[in-house]
Amino acid sequence: MGTTLNVLALDEWIDVKEKPFLISGPCSAENRNQLINTGLALAKEGKVNVFRAGIWKPRTRPDGFEGVGEKGLQWLLELKKETGLKTCVEVATPEHIQLALKYEVDILWIGARTTVNPFSVQTLADTLKGIDISVMVKNPLHPDLKLWIGALERINNAGINKLAAIHRGFYTYDNKPFRNLPMWEIPIELKRIIPNLPVICDPSHISGKRELLAGVAQKALDLSMDGLMIESHINPEIALTDAEQQITPKNLSKLIDELVIRKEFGSVEFENLLEKLRFEMDQLDHELLTILSRRNEKTMQIGDYKKDNNITVLQIGRLRRMMQERLEFAKNLELDSAYVSKLLQQIHKESIRIQTNIMQE
Ligand code: PEP
Ligand code: MN
């Protein structure tokens, strides 16, 4: 799939001098004190380029906190005037866009639950025609790169060229240890297909919990993402939404200080092709090991289930069918059969070891 979008580089529409480019602020605007105090604390830390806040919250259940609406935009404007921070909110309807413009919001973002729906995205694109504003498009909830690109194209076709994508992870059948699986190969493929499109990573919605934020943020920078969106709240424990993943402005500052900003590959400084290839190999090995660890978790679940139901660890028939199926699959990927067969035997040996331990517990 070849795609060209008529978009500007990030530094053509926003100040990105300090690395990393950082968007931060609470998941939701809750009350004036919470919003202004979070904003002032972030401004004081001096690392944030753009202040975010959810004004209208898409909730799974109708009894959740649905956001404060228009009055939150007033607080945002107040904060912008006081600190000079640019502001950024999620919009899901034409009314949201009109109100955001009325209160001088600088950047609009389209949330994951909206990106999944081409009708909604097209309605927003139609509203944006002729308006000079920046837009960021979060990936859809499920791992569908074409749908994400389609949404970006709709917004771009409406004449928006200050455009960026936000990678916030994907909801799948098994997201552990994350809230949303990063599936890094998808944003990487997006960058390969549309090289000039800025891609920002949102470690907060990928992680779902504070402890995972730093690792995800570092990985995003190592993969040459153009910036980060991380939720911050003056008092995360009492946040009305996404409490477990928000961090204080001070802790955000610490997290950013501890990130290693590596040179970008592909740039003039990075001339050594061998280094680039080795770096890519490191990333692939990390993916491979992560998948092996997820496989072990599945093995444990199977082991527990067999134990509870008094079933033997080994079923020869299943093993034979499995090997055959995997070898066929590998053949289609042009992998050497002898090599794959040896590898599968090792992997299976580890499964048996884990399940035997479970049986003996
Ligand atoms: C958010 O940024 O608070 C949010 C609701 O994000 P997403 O659309 O990625 O779930
Ligand atoms: Mn959130």
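**Helix 3**

I looked up the packing of helix 3 first: its buried residues (under 20% relative accessible area, 1.4 Å probe, protein chains only) are in contact, with heavy atoms within 4.5 Å, with helix 2 (70-83), strand 3 (86-90), strand 4 (107-110) and helix 5 (118-128). I note that this is a predicted model, in which local features need pLDDT of at least 70 and side-chain atom pairs count only at pLDDT 80 or more, while totals for chains, interfaces and linings use all residues. Residues are numbered from 1 along each chain as its sequence is written, and side-chain values use heavy atoms, with hydrogens and water left out.

I took helices (H or I, at least four residues) and strands (E, at least two) as DSSP runs, numbered from the N terminus. The buried residues in helix 3 (residues 94-102) are His96, Ile97 and Ala100. Viewed down the helix axis, they fall within an arc of 100°, so they line one face; the arc is that of the directions from the axis to the C-beta atoms. On the face turned away from this buried side I found Glu95 and Lys102, which are exposed (over 50% relative accessible area). Glu104 follows helix 3 and has a positive phi, near 55°.

**Nonpolar cores**

I then turned to the cores, each a set of buried Ala, Val, Leu, Ile, Met, Phe, Trp, Tyr and Cys residues joined through side-chain atoms within 4.5 Å. In the largest, of 68 residues, Ile155, Leu163, Leu190 and Leu228 touch the most other members. Helix 6 (residues 145-157) supplies the largest share of this core, six residues. Leaving aside residues up to four places away in sequence, Ile155 touches Ile110, Val121, Ala125, Leu128, Val135, Val137, Ile160 and Leu163. Another core, of 15 residues, lies apart and includes Phe21, Met136, Ile166 and Ile200.

**Backbone entries**

I recorded a cis peptide bond between Lys19 and Pro20, with omega about -5°; Pro20 lies in the segment before strand 1 (22-25). A cis peptide bond also joins Lys176 and Pro177, with omega about 0°, and Pro177 is in the loop between strand 6 (163-167) and helix 7 (185-193).

Asp242 has a positive phi, near 50°. I placed Asp242 in the loop between strand 8 (227-231) and helix 10 (249-258), and it is buried, at 17% relative accessible area.

**Loop between helix 12 and helix 13**

Glu334 lies in this loop, with a positive phi near 60°, and is exposed at 73%. Leu333 is in the loop between helix 12 (316-332) and helix 13 (337-360) and is exposed at 53%.

Note on methods:
Chains are lettered from A and ligands numbered from 1 in the order in which they are written.
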